[in-house]
Amino acid sequence: MSRQKPSNVVRFRPRNSPPPRRPKPPKGPLAIGLILLALAAIWLVSQYGERVGLPEQAVTAAQQIGRTLSPAMAPPPANIELARTGDFTCRVDRVNDGDTMRCKDGKRIRLHGISARERDETCSQGHPCPAASARASTDTLKGLVSGKTLSCRNIGQSYERITAICWTPDYTEVNCAMVASGTAALWPRFHREFPICQATPEVLKDA
């Protein structure tokens, strides 16, 4: 029987390649510089994006991010921008009192975040109570909405009524205008849940 000669070929076992290195996040001055650059970009887009013709979605996104980080970084949304968030319209048929109205299609709307006196001049228990009379608040609301088609945003339900924020065709926020007139009171509890007067927050400084 013949013997096999040992092979002179040296065999090498392949080594496992090392895992790819992950790039290290920037540290120190570089990281701070990148953050400041990003904040500056958000501010510039939110302030001047519309003027230079950037897409509306990009401008809106930058403004939302800016307001989340700091109210000073982005201007408050304009009423025209807020009115576009409405999810239904109301052709006003009747004003019941200073915070309630009915649409021609039968919808009943309770204005969100505000409270006016009842028609008998009383204020419901637990409701904010403005100094203005029920007649004054009703007349003010009629002057704002009678015969108009409003853009409204559904916020919730209250006693088979839609609680909503509404805007007139000239983009006046009805809820905010009632508080500004002094004929309706701000209802802080519901305002905290979903704020009114987002375009003109200065109206609420003394509310």
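A disulfide here is a pair of cysteine sulfur atoms within 2.5 Å. These views come from a predicted model, where local features need pLDDT of at least 70 and side-chain atom pairs count only at pLDDT 80 or more, while totals for chains, interfaces and linings use all residues. Residues are numbered from 1 along each chain as its sequence is written, and side-chain values use heavy atoms, with hydrogens and water left out.

**View 1. The C123–C129 disulfide.** C123 is joined to C129 by a disulfide, with an S to S distance of 1.9 Å. What is the handedness of the disulfide between C123 and C129? The torsion about its S-S bond is about 65°, so this disulfide is right-handed. C123 comes out as partly exposed at 25% relative accessibility, and C129 is partly exposed too, with a relative accessible area of 41%. For this and the other views, buried means under 20% relative accessible area, exposed means over 50%, and partly exposed is in between (1.4 Å probe, protein chains only).

**View 2. The C90–C103 disulfide.** Zoom in on C90 and C103 and you find a disulfide with the sulfur atoms 2.1 Å apart. The S-S torsion is about -110°, so the C90–C103 bond is left-handed. C90 sits in strand β1 and C103 in strand β2, so the pair ties together parts that are 13 residues apart in sequence.

**View 3. The C152–C166 disulfide.** Here the sulfur atoms of C152 and C166 are 2.2 Å apart and form a disulfide. The torsion about the S-S bond is about 110°, so the C152–C166 link is right-handed. C152 belongs to strand β5 (residues 149-158) and C166 to strand β6 (residues 161-167), so this pair ties together parts that are 14 residues apart in sequence. C152 counts as buried, with 0% relative accessibility, and C166 likewise counts as buried at 0%. Number the bonded cysteines of the protein chain in sequence order, and the pairing reads 1-2, 3-4, 5-6, 7-8.

View 4. Side chains of opposite charge can pair when their charged atoms come close. A salt bridge is counted when a side-chain nitrogen of Lys or Arg is within 4 Å of a carboxyl oxygen of Asp or Glu. The structure has 4 salt bridges. One of them brings the side chains of D93 and K104 together, at 3.4 Å from N to O. D93 is in strand β1 (residues 88-97) and K104 is in the loop between β2 (100-103) and β3 (108-111), so the pair ties together parts that are 11 residues apart in sequence. D93 is partly exposed, at 42% relative accessible area, whereas K104 is exposed, at 54%.

**View 5. R110 and its salt bridge to D99.** The side chains of R110 and D99 meet in a salt bridge, 3.4 Å from N to O. R110 is in strand β3 and D99 in the loop between β1 and β2, 11 residues apart, and the pair links distant parts of the chain. R110 is buried, with a relative accessible area of 8%, and D99 is buried too, at 5%. Which residues does R110 touch, leaving aside those up to four places away in sequence? With contact meaning heavy atoms within 4.5 Å, R110 touches D99, T100, S115, R161, I162, T163, A164 and W187.

View 6. D139 and R135 form a salt bridge, with their closest N and O atoms 3.2 Å apart. Where do the two partners lie? Both D139 and R135 are in helix α4 (residues 134-145), 4 residues apart, which is about one turn of the helix. D139 is partly exposed, with a relative accessible area of 38%, while R135 counts as exposed at 60% relative accessibility.

How values were computed:
Helices (H or I, at least four residues) and strands (E, at least two) are DSSP runs, numbered from the N terminus.
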